[in-house]
Amino acid sequence: MKRRAVVKMLAIAASVAAIGGTSFSALAQQKTVKVGILHSLSGTMAISETVLKDTVLMAIDEINAKGGVMGAKIEPVVVDPASNWPLFAEKARQLITQDKVAVVFGCWTSVSRKSVLPVFEELNGLLFYPVQYEGEEISKNVFYTGAAPNQQAIPAVEYLMSKDGGGAKRWFLLGTDYVYPRTTNKILRAFLKSKGVAEKDIEEVYTPFGHSDYQTIVANIKKFSAGGKTAVVSTINGDSNVPFYKELGNQGLKATDVPVVAFSVGEEELRGVDTKPLVGHLAAWNYFMSIKAPANDEFTKKWGAYAKAKNIPGHKDKPLTNDPMEATYIGIYMWKQAVEKAKSFDVDKVSVAMGGQTFTAPSGITSTMDAKNHHLHKAVFIGEVKADGQFNVVWKTKGPIKAQPWSPFIPGNDKKKDEPALMADKKA
Amino acid sequence: MGSGRLKAALAAFFLSFQAHALDPAAVEKLAFGDGDDKIEAIGALVAEGDPKAAELLKAFAEGELQTSGKRVLIVKGKDALDALTGAKVAPLPSDREDVVANNRLRGAVASALGAFKLASEDRNERLAAVRALADANAAMLPLIRKALETEADAEIRGLLELTAAGMELKDGPKEARLAAIRKLAASENPSTKTLLLEAASDQDEDIRREAQQSLRAVEGRLELGEWLGLAFAGVSLGSILLLAALGLAITYGLMGVINMAHGELIMIGAYTTYVVQGFFRGSAFFDWYLVAAVPAAFMISALVGMALERSVIRWLYGRPLETLLATWGISLVLIQAVRTIFGAQNVQVENPAFMSGGIQVLSNLVLPWNRIVIIAFALSVLIGMWALLAKTRLGLYIRGVTQNRAMADCVGVPTARVDTWAFGLGSGIAGLAGCALSQVGNVGPDLGQGYIVDSFLVVVFGGVGQLAGTVYAALVLGFANKLLESWSGAVLAKIAVLVFIIFFIQRRPQGLFALKGRAVEA
């Protein structure tokens, strides 16, 4: 009770200060700048994406409280593309042409990003994409603050091959049926082959979006694992993860026998799943809530207070942070820095200013935006699920590594330029 | 809990060893070394045979081991013990670092602790220990041989011999390896297959031949488990389809209402379960919330269904197209209403403790409790519905009205009221389905959308107006889906089943079982 009162007082104090601030600065300038938020708030992806919308809103509140971007208050425009891929493109067009937003933060699945990409390129918009993905793309209109395959998938597989990871010999690649899992698995297959894994030791299985009956698949994993030490690489996305992990636990498939490493499962997806039977299963990310770093303490504390103040369901009682939230947070601050460097909201100028921006990320590592390829340099962490739903970091890279959006494991990629095509053309 | 017994067991087991304090070097390695050092330390600690070593290893596996400077602490809640001396450390040092145990280390600790428990007095504990040892490394072989000397129980002896054989298989003289391979033929453990596969590509021809023979025997035994698992998955999916379709079998099958909002009635049942769960949260009876949720889900869905019938559907009897459109609209309204009240995100419905985990039937077959409970639930709903329709006056009325409305009206059946009751019954059963589905899948506003197509498929496939047909259709579709899925993957299986249904309905529009004789359609 007492704490609530304090929070209320703080909130009132803050709003009074904010009102005072605006009325004061309002005399000088009443500029606002609109920022679009394009995350699914309903449908199968809502489990993962809703919280990213709140992260953007929190960062915007923070920035506004400190005077905004170049003196302009940020005004968020939230739309709900409802896990419907064509609707993403429609909403993106609406954000750019009608709302005239300076930048959009959004998308989770690669299929949604692919669907908005032509819109951003045609209208010369700016998109910050906060989620790990399969690479094979560089657009001058997109900044990718999530991981490329060499910053997540490949290190994870290398770890599982190592002695400490269990020395896996056979690989069960399981994913949702769309572009991200298919491309990632294509890269992993080529990588595994380069490490001498035979064709018969790799199995690829896909399920539709929203699939909820994993009985046969878990049984097949068991059967497959009888042929040698097996690891499962899961690229299942969205709420299908809940029934998948429930089935894993119920059928008694233990991590010490068959570890499952997931690329789209974080603290948020495991909320409400009974994690005791899942202890030891892995996830590879560039951030975990359990990372011990001053920047992370601050980030998780801020999120907890924000969730409580805004009454965000679930988070108000048990605030959780995860990797895409961190990537979103880095993205919006880097955009702010770039705008201030460019002294303009113009997309082309901001794009140029983005290169080389640095930010002390909540993961405790100073992330740098690559000068050319629109991707962040990130450190990789591999964590094991603990009984309380958090992750124990069992392996990490020494420092940030540069993204390779064009994976060297896909033939023909060695000829592709590590920067957006249009910019390269201009220079040529 | 079992630590007292464990200590006694250890004392008995390691009587021959001289008791002494923990080796500081091993403890240091465990806390500060890299992966290989830690494995070595675990081996050394086990060899010491000190009960304190067992406690230390257990704390390590459960993530309770921390370091502070050079000191190694076992931290439980707010209490800390020095791992070496066992002395209490207070206050807690602030510079503690976790000692992280990964899968490899936890596995090593589990089999090490298993070795400790081999000497337990309790038969079940020994049995569990042997099972845990099945994948242990060869370093445990002396311990197992020692246990074999004293073990009297036939089942445990058998398992121990198999485990020992698995370890002997890897190296040793050829004769011993051959004997080990022959022994392994009797194994039911899937990991034996891995061992034999390795042996089957051995350089020695005798060993290769023998290993292939044993491999065939083991595979044959494992195959049974795989088929049974597939059959169970089929029955389980069938029971879910049946639950989803039973309500529709009444509203569409018997009453002829094309109810596109059927899925949303299921969804309402699931959300009711969620709300009831909320009432029970924190109480001692949380595990029994389903007992209250089942009738609540039935009542709420039935009430919503009856309200729909009274307000909308009743005015559209005999106009199937308009009914379809109206109920479709209602379904959208219901989805949006739920979205407004509960939010667009999925809500968490937890399994009661007794529905988590599974029962081990064969070495490679675990049947999850939640699925077993749902199969039983589907069965009891089916029996209840049959009894209601066949044995009660309301059932008689429903059958009468659906077969010949005019005649039923003439003999004094209140047909309008019977329609409402029947529709309420169908909706209530949809609510029960939602309650069951909340235990295996996600609960969100779109829950029903995923089941409406399947429900209609089952009812049409089984034959409209036929309850028995619905049951068979649900089981057939469940089996077909699971069988195809294991061959061709989930995506293709779904397509194949739909194509099959299209062809089937073309050949036999009346479904699996047709109503014979004086038809309803007149």
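**Notebook: chains A and B**

I began just after helix H4 of chain B, where Gly63(B) takes a positive phi of about 75 degrees. Helices here are DSSP runs of H or I of at least four residues, strands are DSSP runs of E of at least two, and both are numbered from the N terminus. This is a predicted model, in which local features need pLDDT of at least 70, side-chain atom pairs count only at pLDDT 80 or more, and totals for chains, interfaces and linings use all residues. Residues are numbered from 1 along each chain as its sequence is written, chains are lettered from A and ligands numbered from 1 in the order in which they are written, and side-chain values use heavy atoms, with hydrogens and water left out.

**Helix H4 of chain B**

**Ala302(B)**

Ala302(B) lies in helix H13 of chain B, residues 289–311. I found Ala302(B) buried, with a relative accessible area of 8%. Leaving out residues up to four places away in sequence, Ala302(B) touches Gly424(B), Ser427(B) and Gly428(B); contact means heavy atoms within 4.5 Å.

**Domains of chain B**

I noted domain 1 (3–63 + 99–184) and domain 2 (226–507) in chain B; the bounds come from an automatic or database domain assignment. Their C-alpha centres lie 50 Å apart.

**Strand S6 of chain A**

I then turned to S6(A), residues 170–176, where seven of seven residues are buried. Arg170(A), Phe172(A), Leu174(A) and Thr176(A) point one way, and Trp171(A), Leu173(A) and Gly175(A) the other. In a regular strand the side chains alternate between the two faces of the sheet.

S6(A) runs parallel to S8(A), residues 230–235, with six bridges joining them; strands pair if DSSP finds at least two bridges between them. S6(A) also pairs in the parallel sense with S7(A), residues 202–207, over six bridges. Leu173(A) has Val233(A) as its bridge partner in S8(A) and Glu204(A) in S7(A).

**Between the chains**

I counted 50 residues from chain B and 50 residues from chain A in the contact. The two chains bury about 3,700 Å² between them, 44% of it on carbon and sulfur atoms; this is the accessible area (1.4 Å probe) lost on being put together, summed over both parts.

Seven salt bridges are found across the interface, each a side-chain nitrogen of Lys or Arg within 4 Å of a carboxyl oxygen of Asp or Glu. I looked up the one between Asp164(A) and Arg104(B), whose closest N and O atoms are 2.9 Å apart.

Conventions
Buried < 20%, exposed > 50% of the residue type's maximum accessible area, 1.4 Å probe, protein only.
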